[in-house]
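The following exercises concern the structure shown below. Each task is followed by a solution in steps.

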Amino acid sequence: MSVNLNTVALTKRYGSETAIDNLNLSLESGQIVGLLGPNGSGKTTLIKMISGLLTPNSGEILVADKKIGKESKALVSYLPERCALPDWMKIGELVTMYKDFFNDFDENRAYAMLKDLDLDLKKTFKALSKGNREKVQLILCMSRNAKIYCLDEPIGGVDPAARDYILRTILQNYCEDSTVIISTHLIRDIEGVIDRVLFLKKGQVILNTTVDEIREEKKMSVDALFREVFAC
Amino acid sequence: MWEFTNDRPIYLQLIEQIKLRVINGTYKPGDKVPSVREIAMEAGVNPNTVQRAFLELERSGILSTQRTLGRFVTDKETDIQNNRDDMAKEQVEIFVGKMKELGLSGEDVIRLVQAYLNEEGK
């Protein structure tokens, strides 16, 4: 096992608001991590900084010992909360674009998954249902051989069957030397899939433990604990 | 089908369900069991959790690993018998506990079970 993510005193402010507050975090390979917290707790900000899309005000992030930049971006596969793909492109063209962009992209894996879904490569992305758009984005994201997969709300807004598909696709494609970070509010759906749980509150990690430890010690589900900790 | 409740560690539930499959013959003595990844996909759970359950099952002798070949169900019938007895005993404990909560005596329990079995046997 190796450390894929290391943050030291990481801080991000938007004006007078502190989104991420002096965050120290270390994540090892071979884990699927649930990044959980109420709205505005800093989940997306953290994910965007790991992906190199936002610059911290202070502190440091290392992705597999690399500082954020060209080299780290080559190691992080990011699935945004809102779709960022050019929606006029055909599915097949998107695969080609990913192939051009990312050295670690395995096009055969992408084609195999698209075939399983029975999706026509000539269809434009715009013409797909919401569920299928989410699936295509995830397939593109998970077809990279990345060190860290940052998935921001991958199962929000799709039906339960599509959620199962998405979670299974994550399980199928991540490997022992990578780390998957999933941010979501649908805790119940991901409880069985994740190893580790991070509770984020006002930009700080207030809990960093495993699902089994929570169940063993507190005799409750992660979902129930979340409701207790973040009760308003 | 794999089903999990929310209040207990998933690896413990996996152990129970795999044991049950061995006891009821879904996985037969000496058979190869599915790989970590196969079970993870089938059950929709984390591979590390399956791995943890497998290690526990190996320690208790229900499964054994043969290098490069995979994992196999024990071919010792006595091991399987013992596990069946243990699981049955656990269920009896739970059942008798509930009967006592209802204020029933040991004889009452036996009488009720006998009556139920007679009824079911008809």
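**Exercise 1.** In what order do the elements of chain B run from the N terminus on?

Solution. The model is a predicted one, in which local features need pLDDT of at least 70 and side-chain atom pairs count only at pLDDT 80 or more, while totals for chains, interfaces and linings use all residues. Residues are numbered from 1 along each chain as its sequence is written, and chains are lettered from A and ligands numbered from 1 in the order in which they are written. Helices (H or I, at least four residues) and strands (E, at least two) are DSSP runs, numbered from the N terminus. On this basis chain B has 5 helices and 2 strands. Their order is α-α-α-β-β-α-α.

**Exercise 2.** Describe the overall dimensions and the domains of chain B.

Solution. Begin with the extent: the C-alpha trace of chain B spans about 55 × 35 × 25 Å along its principal axes. The radius of gyration, taken over C-alpha atoms, is compared with a globule rule of 2.2 Å times the number of residues to the power 0.38. Chain B has 18 Å, whereas a compact globule of 122 residues would have a value near 14 Å.

Next, consider the domains, whose bounds come from an automatic or database domain assignment. Chain B is assigned domain 1 (10-75) and domain 2 (78-121). The C-alpha centres of these two domains of chain B lie 28 Å apart. Contact requires C-beta atoms, placed from the backbone, within 7 Å. By this criterion 7 residues of domain 1 of chain B are in contact with 5 residues of domain 2 of chain B.

**Exercise 3.** Which elements of chain B give two or more residues to the side that touches chain A?

Solution. The contact takes 14 residues from chain B and 18 residues from chain A. On the chain B side, α1 (10-23), α2 (36-43) and α3 (47-59) each give two or more residues. Classify the residues as nonpolar (Ala, Val, Leu, Ile, Met, Phe, Trp, Tyr, Cys and Pro), charged (Asp, Glu, Lys and Arg) or polar (the others, Gly among them). This side of chain B then has 8 nonpolar, 4 polar and 2 charged residues.

**Exercise 4.** At what angle do helices α5 and α6 of chain A pack?

Solution. Axes are lines fitted to C-alpha atoms, for helices over the stretch in contact, and angles run from 0 to 180 degrees between N-to-C directions. Helix α5 (residues 130-142) of chain A and helix α6 (residues 160-173) of chain A pack at about 5°, with axes 10 Å apart. The two helices, α5(A) and α6(A), are therefore roughly parallel, a term for angles under 35 degrees. Residues of α5(A) including Leu138(A) and Ile139(A) meet residues of α6(A), among them Ile166(A) and Ile170(A). The contact of α5(A) with α6(A) comprises 7 nonpolar, 3 polar and 2 charged residues.

**Exercise 5.** Is Ala9(A) buried or exposed, and what is its phi?

Solution. A residue is buried with 20 or more other C-beta atoms within 10 Å of its own, exposed with 12 or fewer, and partly exposed in between, the C-beta atoms being placed from the backbone. Ala9(A), in strand β1 (residues 3-14) of chain A, is exposed because 12 other C-beta atoms lie within 10 Å. Phi of Ala9(A) is positive, near 45°. Most residues other than glycine have a negative phi.

For comparison, Glu153(A), in the loop between β7 (148-152) and α6 of chain A, also has a positive phi, of about 50°. Glu153(A) is partly exposed, with 19 other C-beta atoms within 10 Å.

Methods:
Two residues are in contact if their C-beta atoms, placed from the backbone, lie within 7 Å. Angles under 35 degrees count as roughly parallel, over 145 as roughly antiparallel, 65 to 115 as roughly perpendicular and the rest as oblique.
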